[in-house]
Structure formats: C-alpha cells, structure tokens
Amino acid sequence: MVNLFVVALLCVGDKVLLIRRLNQSFGQGLYSLVGGKVEKGETARLAIKREVHEETTLDIPESAFELVHTLHRKGTETEFIALCFKVDIAQMPAPYNNEPDKHDDMRFFTFNELPTNIIPAHKQAIECIQKNINYSEHGW
C-alpha cells in the first residue's frame, strides 16, 4: 500500500521554514518540511492546510498552496508519495511552534545553507524544486 503525504515549503524570500522532529518514530533529531499524512476523506490541499495550521498556527487558504513537486519514496518499512506545496508567507504573521512535544526547533534556513541533519528525501525535494524538477524518486 502506498501512503499519501503532503509537505509545505513555507517560504520568505530565499528562506524555507524547517522543523526539527522530536519524540517521533521517524526522523528523530532531523529537520523536515512542515507536513504529514493525508487522512481518509481529506483532499491533499485540505491536508496541507490542516498540517500547516496544526504545526505552525498559520491559517493559509487552500488556494494559496501551489503544487511544485511530487516525490515517490521507498523506505525500509513504508512506501509513500509526497505532494510538495509551496507558499510565500512573507506577508503573514510569524509561524509558531504549536507542537513542542513533536518539534523542538522551528526556523528559517536559506535554500543554499540547509542543515546537515535534514531528512534526505526532504532535502532532495527542496533541491528539485529549486531546479524546477517536478518529480523525483528516493530510496529505489
């Protein structure tokens, strides 16, 4: 079974918001894009709006999310497709770490200076988006 995930590139200029995972079964101590699993009965845009709000308190309209990349990832235990959406949040309130039990850091990084402790598939997606590559595979 292939799971569907959504992630968001929440951008301000040449910077992207990343969160560091805490107390989670996957990616412990690694930075990642904001996002999560699409729930049953939920569209991808509704899921990314929900995930962004749950994790950052930002209330972004579904229509603001632009699909910019699709990543097909095969891990050791799961296979999933991640839809990567991008939105400029420069004119919005500052994001807030609304889930400190799941993320111990939230900050902006420039696209050219991503942290070394980032989930590799997320780094790949960011790099592909910067090169206008709309599809990639990871772990195959």
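A disulfide is a pair of cysteine sulfur atoms within 2.5 Å. The model is predicted: local features need pLDDT of at least 70, side-chain atom pairs count only at pLDDT 80 or more, and totals for chains, interfaces and linings use all residues. Residues are numbered from 1 along each chain as its sequence is written, and side-chain values use heavy atoms, without hydrogens or water.

**View 1. Cys84 and Cys128 are too far apart for a bond.** The search of the whole structure finds zero disulfides. From the sulfur of Cys84 to the closest cysteine sulfur, in Cys128, is 8.9 Å.

**View 2. Helix α2 has buried residues.** Helices are DSSP runs of H or I, at least four residues; strands are runs of E, at least two; both are numbered from the N terminus. Buried in α2 are Ala121, His122, Gln124, Ala125, Ile126, Cys128 and Ile129. Their cover includes β1, β2, β3 (31–32), β5, β6 and β8 (135–138), by contact, meaning heavy atoms within 4.5 Å. Asn132 follows α2, and its phi is positive, near 60°.

**View 3. The lining of the largest pocket includes residues of α1 (44–56) and α2 (120–130).** The lining also draws at least two residues from each of β1 (2–12), β2 (15–21), β4 (34–37), β5 (66–74) and β6 (79–88). The residues of the lining divide into 12 nonpolar, 11 polar and nine charged. Charged means Asp, Glu, Lys and Arg; nonpolar means Ala, Val, Leu, Ile, Met, Phe, Trp, Tyr, Cys and Pro; the others, Gly among them, are polar.

Note on methods:
Buried < 20%, exposed > 50% of the residue type's maximum accessible area, 1.4 Å probe, protein only.
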